[in-house]
Amino acid sequence: MISRKTLTNLSLAFALALLSLIALACGGSKAQSNATSTSTTTTAAPAAVDITTAKPITRDLPRFFEATGSFAPDEQTDVAPAIGGKVVAVGVDLGSFVQKGAMLVRLDDRDARIRLEQATAQVTQSEAAARQAEEKIGLRPGQAFNAEQVAEVRSARVALELADKQLHRFERLVETGDVSRSSYDQQKAQRDQLQQQYEVTLTQARQNYAAIETARAAVSSARTQIESARKAIADAVVTSPFSGYVSDRPADLGEYVTTSSKIATIVRTNPLLVRIDVPEQEITAIREGQSVSVSVSAYPDRSFSGYVHHVAPGVTPNSRTMTVEARVENGDGLLKPGQFATVRILMPQTSPAMLVPARAVRTEAGTNFVFVIKDGRAEKRIVQLGQTEGDQVEIKTGLSAEEQVATSNVELLNDGTPVKQ
């Protein structure tokens, strides 16, 4: 049997042991909490970003006027046939390059060839009729017509002149009584008959010459028909009016086309033209012949050369701009009509510019900015860009010439990021 005193001692010992366990547990939890707090503090401190820096460079730059426009072909035409007919052959496809005079399509020319044969036969027939009529009145080739020179007319005129002289003698003899009145009347009747015969012969000669004229007109008409038939045969082959590319070819084999039908569209792509609008305040610096540089998004690392081809004579009242047309060489065929282009016109003057490496500029949502390094931290600075010169870009506003900008690891920086060089 345990005594009361012994039971009391055991209870006290158990209580002391329990208190020790509780104290130990609380101490461990506090140490773990302190360790966690220290770890969190260490993680929250950002690491410095390694960068390189550069100061802006200031130098004089040749100045450009820059504007945008779309390329247009130097020449473009819709080709239509000169005659109607059925397409029997097609010589080109969409996108084909054709030389001037090359066949686009060929039409059925059988009707024209039949007309040519008929007209040729008509010429032969009319020429024979004309020769026969000329021989009838003794007219030689190239000889001018004179009705009095026709043989029958000359003979009738001689007989008439002889009879007229004889009649004059009879008039004198009647007066002296050497010839009877009846003989005189007989001679006069003979002279009148020869007069009438002469006039009939003269009229006949003129009618014969009219027949010659008719035959010659028939020859001329038949020759015209020959030329028309030959032209129709030639027009049956529809050719390209100049060298270029086929941008459209709606005519198909077997289709019947008319003179209002479009056979093909031909465009000349070298050179290409691009029109831009120049503000009123810049027009005094634009002259025909000035050099231009053109860039397109399809070839971002390449520029194409050209020159100012035409300058509009006046300013558009609504926009207060002047239209300028530039001609751009396209010998390689890399540029296409309709492409969007950025045109730079070299201005005669230069001006100072502040340049930084292009890699120092970052663009987000259309906003350009750089990171200025101050007291070991990056400061985000919005800037306005100007011209690009090689791997340098002009900064118009937002930066001073004495400030340092980050030129590497720019994509890792934010406003306030610690850096080290």
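Which strands each supply at least two residues of the lining of the second largest pocket? They are strand 8 (244–248) and strand 10 (264–279). Strands here are DSSP runs of E with at least two residues, helices are runs of H or I with at least four, and both are numbered from the N terminus.

This is a predicted model, in which local features need pLDDT of at least 70 and side-chain atom pairs count only at pLDDT 80 or more, while totals for chains, interfaces and linings use all residues. Residues are numbered from 1 along each chain as its sequence is written, and side-chain values use heavy atoms, without hydrogens and water.

Stay with the second largest pocket. A pocket is an open set of points on a 1 Å grid over the protein atoms alone, where a 1.4 Å probe fits, with protein on both sides within 12 Å along at least five of seven lines; lining residues have an atom within 4 Å of a point. Tyr 245, Ser 247, Val 267 and Thr 269 are among its lining residues.

The largest pocket has a volume of about 410 Å³. It is lined by 17 residues. Closest to its centre are Glu 66, Arg 344, Gly 386, Gln 387 and Thr 388. Strand 18 gives the largest share of the lining, five residues. By class, the lining has three nonpolar, eight polar and six charged residues. Ala, Val, Leu, Ile, Met, Phe, Trp, Tyr, Cys and Pro count as nonpolar, Asp, Glu, Lys and Arg as charged, and the others, Gly among them, as polar.

Now turn to the helices. Helix 2 (residues 110–136) and helix 4 (residues 181–235) pack at an angle of about 160°, with their axes 8 Å apart. Axes are lines fitted to C-alpha atoms over the stretch in contact, and angles run from 0 to 180 degrees between N-to-C directions. The two helices are therefore roughly antiparallel, a term for angles over 145 degrees. Their contact residues divide into 17 nonpolar, five polar and eight charged.

Two strands pair if DSSP finds at least two bridges between them. Strand 4 (residues 85–90) and strand 6 (residues 103–107) pair over three bridges. Val 90 has Val 105 in strand 6 as its bridge partner.

Terms used
Points joined across faces, edges and corners; volume = space filled by probe spheres on them. Parallel < 35°, antiparallel > 145°, perpendicular 65-115°, else oblique.
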